[in-house]
Amino acid sequence: APRRSNLMEPTTTDPLFILGGLLFTLVGPVKMMPIFYGMTATVGPRARNLLALKAAALGALGIAIAAAAGTAKIENMGISREALGTATGLVLAIVGLMPLIGVDLESAAKSKTPPTAIGLAFPTLLPPYAFGLIILISLYLPAATGAFRIAVMGCILMAINAVAMIVAPYILSRAGVTPLRLLGAVFGIIQLAFGIQILFWGISRGMSVG
């Protein structure tokens with residue numbers, strides 16, 4: 001039987017396409033709309049919109065910095081792709097598992113004080129596993145253009161998130177959060193599967209290389 005291509009060893013698929021799909025699933029508008037809606041329930045419309053724009057801008061900057069770190073060959077620091085993949089997959093799987101066993105991350109993230117742009121950007125828009133994925137995938141892109149391409153993709157994703165956060169109160173106040181919660185549950189299963197696959201890849205590759 002032909003061997004299936006591995007997610008972390010892309011052959012004909014552009015690694016940037018893989019990264020964009022992963023980030024859209026894991027930290028895209030479906031996840032951000034209900035979280036942002038809950039976090040800014042007491043914030044005025046103007047301040048809420050400005051907060052969304054600032055957080056998205058910081059998120060895009062964070063993606064660009066992570067891409068630059070990856071294309072600068074983090075392996076030169078003595079960190080292997082396998083170790084980075086194992087750590088990223090572990091965190092990704094744990095975070096994906098929590099909502100499925102009844103741990104409400106959205107409620108845990110709520111605070112009585114209004115959120116700040118940097119607090120919304122990190123770790124809500126860009127959790128630690130997102131940085132791990134960006135650095136890991138960037139290792140498969142050409143050093144000359146990889147960081148720039150990822151930065152452009154990050155700007156597009158964060159622009160989509162900014163629009164989604166701005167319109168979230170208007171949509172969710174009418175349609176409710178149930179449809180997005182259902183999609184979020186599906187994405188949670190996908191996130192858990194991604195995390196396990198990357199974790200297994202890192203462990204199996206690490207053992208074979210070792």
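# Helix packing in an all-helix chain

α1 and α7 are roughly antiparallel to each other, because their axes pack at an angle of about 175° and angles over 145 count as roughly antiparallel. This is a predicted model. The chain has 9 helices and 0 strands. Buried residues make up 42% of its 210 residues.

**Fold overview**

- From the N terminus on, the elements run α-α-α-α-α-α-α-α-α.
- Among contacts with a separation of 6 or more, 91% join residues 24 or more positions apart.

**α1 against α7**

- The axes of α1 and α7 lie 10 Å apart.
- On the α1 side, the contact is made by Pro-15, Ile-18, Leu-19, Leu-22, Leu-23, Leu-26 and Val-27.
- On the α7 side, Tyr-129, Ala-130, Leu-133, Ile-134 and Ile-137 take part.
- By class, this contact has 12 nonpolar residues, no polar and no charged.

**Nonpolar cores**

- The largest nonpolar core has 42 residues.
- Leu-19, Leu-23, Leu-120, Ile-134, Ile-150, Met-158 and Met-165 have the most contacts inside this core.
- Eight helices are listed as each supplying at least two residues of the core: α1 (15-27), α2 (29-39), α3 (45-71), α4 (81-100), α6 (117-125), α7 (128-138), α8 (146-175) and α9 (178-209).
- α3 gives the most to this core, with 8 residues.
- A second, separate core has 7 residues, including Val-30, Leu-172, Leu-180 and Phe-187.

- α2 is mostly covered, with 8 of its 11 residues buried.
- The buried residues in α2 are Pro-29, Val-30, Met-32, Met-33, Pro-34, Ile-35, Phe-36 and Met-39.
- The axes of α2 and α6 come within 12 Å and cross at roughly 145°.
- The crossing of α2 past α6 is right-handed.
- From α2, Met-32, Ile-35, Phe-36 and Met-39 meet α6. Their partners in α6 are Leu-120, Thr-124 and Leu-125.
- The residues of this contact divide into 6 nonpolar, 1 polar and no charged.

Key: Residues numbered from 1 in each chain as written. Predicted model: local features only at pLDDT ≥ 70, side-chain atom pairs only at ≥ 80, totals over all residues. Heavy atoms only, no water. Core = buried A, V, L, I, M, F, W, Y, C linked by side-chain atoms within 4.5 Å. Buried < 20%, exposed > 50% of the residue type's maximum accessible area, 1.4 Å probe, protein only. Helix = DSSP H or I, 4+ residues; strand = E, 2+ residues; numbered from the N terminus. Axes fitted to C-alpha atoms, helices over the stretch in contact; angles between N-to-C directions. Left-handed = near helix turned anticlockwise from the far one by under 90°. Contact = heavy atoms within 4.5 Å. Nonpolar A, V, L, I, M, F, W, Y, C, P; charged D, E, K, R; others polar. Parallel < 35°, antiparallel > 145°, perpendicular 65-115°, else oblique.
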